[in-house]
Amino acid sequence: MILLPAHPQPKDNEILSSWMVRLAFANGLPLHTFYSAYLGYKEPIWSRDIDRHPSDGLLNVISRRSGQALEKLKSLTLSSYEGFLFERLPLTGNSPWIIPAGLFHRTRQRAGMQFCPLCLRDDVVPYYRRCWRLALYAMCEHHLCIMREYCPSCSTPVAFHRHGIGRGKDIPAGALRFCHRCDVDLSQTPPDHLFWSEARSFSRLVATIKSLEQPGSNLWHVFSPCGVPFFQGIRVLIGVINGRNGHGLRQQLGEIFGIKIGNDDPKKHFDFEGLGAKERLTLLLAVIWLTDDWPKRFLNLCSLAKFTRSRLAEDFRALPFWLACMADEYLDSRSYVLSSEEIIAAGYYLKNKQQTVTWQLLGVTLGLPRDSAKAAWQIWTSRNS
Ligand SMILES: [Zn+2]
Ligand SMILES: [Zn+2]
């Protein structure tokens with residue numbers, strides 16, 4: 001098999017689709033001509049999310065003609081996060097942590113790909129990174145700016161595979177730096193930084209984001225031996241805070257950080273992956289802050305917001321063990337289920353046994369954790385003072 005005249009190497013952490021587009025352009029051909037006529041691959045390519053599960057047929061053709069090993073090509077896809085961010089990347093449907101491409105034929109209806117304008121500016125050859133498809137990657141690990149999802153000029157989602165469509169074969173060098181629709185230079189988008197007052201959670205989130213491409217960071221080792229249960233729990237906590245029962249939590253966090261966290265609009269309780277980068281970033285920072293000094297901060301927040309265990313998950317079994325253990329041990333909801341009558345009855349029971357009703361004794365009698373026992377004792381004293 002003859003190698004292609006030009007076969008650029010994939011850049012650091014480059015995502016498959018970005019490299020495939022560069023490969024075609026480096027050989028001087030528009031995408032469709034290159035893959036269909038030149039390489040002879042007739043199946044649809046760009047109407048699918050090829051960064052998830054590209055077909056073996058496609059990878060074989062590219063591997064043979066570019067000289068890149070099959071394994072190398074697979075490592076450019078999102079399945080390379082398997083066993084770290086999620087167990088298995090599903091073949092179809094939405095996946096945790098992956099921003100859905102929202103494909104509709106070749107036109108992407110919504111952002112699937114993010115970009116950092118400063119990274120694109122620094123690139124000698126502009127290209128798109130694999131981690132830019134991740135909802136977790138809401139901020140650039142190098143420039144610490146909020147990731148962008150749309151062209152600043154025409155508000156179109158990034159779709160570099162549409163370069164050259166309908167405009168002849170004139171493809172500019174470094175095409176991936178430009179908006180495919182209006183030709184604006186995306187690298188000139190002004191960077192946007194979030195003001196976050198708590199330095200430790202900020203640096204912990206940066207470390208977590210960096211660990212995506214350089215696993216080995218042990219931020220989550222206190223929670224779980226590998227990344228999957230940790231990230232699963234982080235996503236549950238985000239969902240709880242941004243969910244329909246999370247109003248109190250959002251309010252308390254907003255007061256702590258002096259910034260709006262999550263969304264109160266019932267129509268906007270999307271999955272985390274469907275939120276804008278800034279909203280994702282504030283939620284991530286808040287949750288990373290909560291996991292520090294675990295579970296103290298989270299329990300304090302739940303207590304302030306009157307948030308109980310039953311609200312932590314619709315399906316309790318879906319919680320990773322580090323969250324389930326905490327909920328089991330500390331987030332008992334019984335004090336909120338117990339009626340005042342039951343508490344008063346327990347108080348009289350103790351009194352009849354010639355015991356002084358203290359919150360500790362009431363807690364032991366009713367099987368309540370500390371905070372709930374104190375709340376129950378307040379109810380008892382208010383009726384017996
Ligand atoms: Zn950057
Ligand atoms: Zn544009």
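**Chatting through loops, helices and cores**

Reader: Where's S155?

Author: S155 is in the loop between helix 5 and helix 6. Helices here are DSSP runs of H or I with at least four residues, strands are runs of E with at least two, and both are numbered from the N terminus.

Reader: What kind of model is this, and how are things numbered?

Author: It's a predicted model, where local features need pLDDT of at least 70 and side-chain atom pairs count only at pLDDT 80 or more, while totals for chains, interfaces and linings use all residues. Residues are numbered from 1 along each chain as its sequence is written, with chains lettered from A and ligands numbered from 1 in the order in which they are written.

Reader: Back to S155, buried or exposed?

Author: S155 is exposed, because it has 11 other C-beta atoms within 10 Å. The cut-offs are 20 or more other C-beta atoms within 10 Å for buried, 12 or fewer for exposed, and partly exposed in between, with C-beta atoms placed from the backbone. S155 also has a positive phi of about 60°, although it is not a glycine.

Reader: And what's phi like at L144?

Author: Positive too, near 55°, and L144 isn't a glycine either. L144 belongs to the loop between helix 5 and helix 6, and it counts as partly exposed because 15 other C-beta atoms lie within 10 Å.

Reader: Where's F178, then?

Author: F178 is in the loop between helix 5 (117-122) and helix 6. It is 27 residues from C151 in sequence, and the two are 9.0 Å apart, C-alpha to C-alpha.

Reader: OK, new topic. How do helix 6 and helix 9 pack?

Author: Helix 6 (residues 199-210) and helix 9 (residues 277-291) pack at about 105°, with their axes 9 Å apart. Axes are lines fitted to C-alpha atoms, for helices over the stretch in contact, and angles run from 0 to 180 degrees between N-to-C directions. So helix 6 is roughly perpendicular to helix 9 (65 to 115 degrees; under 35 is roughly parallel, over 145 roughly antiparallel, the rest oblique).

Reader: Which residues make the contact?

Author: S201, F202, R204, L205 and T208 from helix 6, with L284, L285, I288 and W289 from helix 9. Contact means C-beta atoms, placed from the backbone, within 7 Å.

Reader: What about the largest nonpolar core, how many residues?

Author: 83, and M147 and V287 have the most contacts inside it. A nonpolar core is a set of buried Ala, Val, Leu, Ile, Met, Phe, Trp, Tyr and Cys residues joined through C-beta atoms within 7 Å. Helix 9 gives the largest share of this core, 10 residues.

Reader: Which residues does V287 touch?

Author: I234, L237, I238 and I241, not counting residues up to four places away in sequence. Apart from that core lies another, of eight residues, including I343 and A346.

Reader: What does T365 contact?

Author: A346 and L350, leaving aside neighbours within four places in sequence. T365 is in helix 14 (residues 359-366), and it is partly exposed because it has 18 other C-beta atoms within 10 Å.

Reader: Last one: what's the peptide bond from W294 to P295 like?

Author: It's cis, with omega near -5°. P295 is in the loop between helix 9 and helix 10 (296-305).

Conventions
Contact = placed C-beta atoms within 7 Å.
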